[in-house]
Amino acid sequence: MQAWRVHRNGEPGEVMRLDEVERPEPGPGQELLRVRAANVNFPDALLCRGHYQVRPPLPFTPGVEVCAETADGRRVIAAPALPHGGFAQYTVADSAALLPAPEALDDAEAAALHIGYQTGWFGLHRRAGLRRGETLLVHAAAGGVGSAAVQLGKAAGATVIGVVGGADKARAARELGCDVVVDRRTEDFAAAVREATGGRGADVVYDPVGGAAYTGSTKCIAFEGRIVVVGFAGGEIPAPALNHALVKNYSILGLHWGLYARKDPGSVAECHRELTEYAAKGLIKPLISERVPLSGAASAVQRVADGTTTGRLVLLPGADEGERR
């Protein structure tokens with residue numbers, strides 16, 4: 001079979017190589033899966049660089065999220081077991097963690113549902129306790145993680161302010177349902193948030209960017225507001241001024257979704273049931289900007305790493321042979 005592998009750490013476009021390899025052998029409690037679609041995530045770029053929390057032995061195949069088919073024909077969502085990631089024709093995953101792919105979503109959409117929407121659901125509901133009528137500020141609102149938070153915020157009845165970088169991403173954020181869109185390249189987003197909320201500020205901030213996005217958020221957070229720290233796609237990890245949090249009475253909440261998968265797997269299954277219902281009602285639908293054949297994986301991961309994409313890039317291993325669902 002064909003699989004992309006990383007033989008040394010570095011930039012994805014330089015270190016990913018398409019190899020001919022044997023199908024992976026499932027270990028105890030695992031299943032062999034035929035990959036129907038593999039979503040490209042920022043953690044895939046971090047894996048290539050050797051900067052992710054998990055560092056699989058070289059060579060390894062990236063790809064942390066797939067829609068796949070089991071040997072008995074079930075269509076499932078899975079988080080592949082590294083080093084046998086999803087950027088391949090076949091992968092392996094833990095049997096107990098397989099989730100049914102929602103009927104309302106095609107393969108590419110289903111592949112992009114799991115991590116981003118689970119992260120958004122846990123961040124907004126379990127960590128921040130987002131309530132109907134509150135104002136939610138989402139950074140990188142047109143990106144893969146941000147777009148999921150926008151849709152989930154709207155589904156929860158919040159007013160959503162999306163921060164983006166550029167006119168194309170601003171259009172995408174409006175189409176996603178943002179009530180207010182702020183282009184950080186041309187506007188001071190903190191001032192724009194204060195203006196949009198009558199000076200009150202945002203009740204919840206969803207921040208997968210870090211750096212200046214986090215710092216600016218502290219300037220427009222409401223009384224008893226909650227800042228959910230999801231990641232640092234901007235490359236800079238901020239050092240919070242805790243005296244500022246004390247004086248303004250806001251909370252800083254960390255979110256590592258993988259811990260729920262390990263420590264409370266039942267909550268992950270419960271979340272998936274709710275997301276499946278949302279999808280069936282049309283409340284959520286992953287924004288897929290490109291469906292890419294497997295041969296284009298290295299370029300796709302590099303573009304996600306560079307932050308130049310809108311929505312999700314999804315690999316379709318069957319597209320090289322003309323197979324599409």
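Biologist: Which residue in S12 does aspartate 207 stand opposite?

Modeller: The model is predicted, so local features need pLDDT of at least 70 and side-chain atom pairs pLDDT 80 or more, while totals for chains, interfaces and linings use all residues. Residues are numbered from 1 along each chain as its sequence is written, and side-chain values use heavy atoms, without hydrogens and water. Strands (E, at least two residues) and helices (H or I, at least four) are DSSP runs numbered from the N terminus. The residue in S12 that stands opposite aspartate 207 is valine 229.

Biologist: In which sense do S11 and strand S12 pair?

Modeller: Two strands pair if DSSP finds at least two bridges between them. S11 and S12 (residues 221-229) have five bridges, and the sense is parallel.

Biologist: How many residues of strand S11 are buried?

Modeller: Buried means under 20% relative accessible area, exposed over 50%, and partly exposed in between (1.4 Å probe, protein chains only). Strand S11 (residues 202-207) is largely enclosed by the rest of the structure, because the number of its residues that are buried is six of the six.

Biologist: What is the relative accessible area of glutamate 109?

Modeller: Glutamate 109 lies in helix H3 (residues 107-111). Beyond its neighbours within four places in sequence, its contacts include Lys285 and Arg291, where contact means heavy atoms within 4.5 Å. Glutamate 109 is buried, and its relative accessible area is 7%.

Biologist: Is arginine 75 buried or exposed?

Modeller: Arginine 75 belongs to strand S5 (residues 75-78). With a relative accessible area of 15%, arginine 75 is buried.
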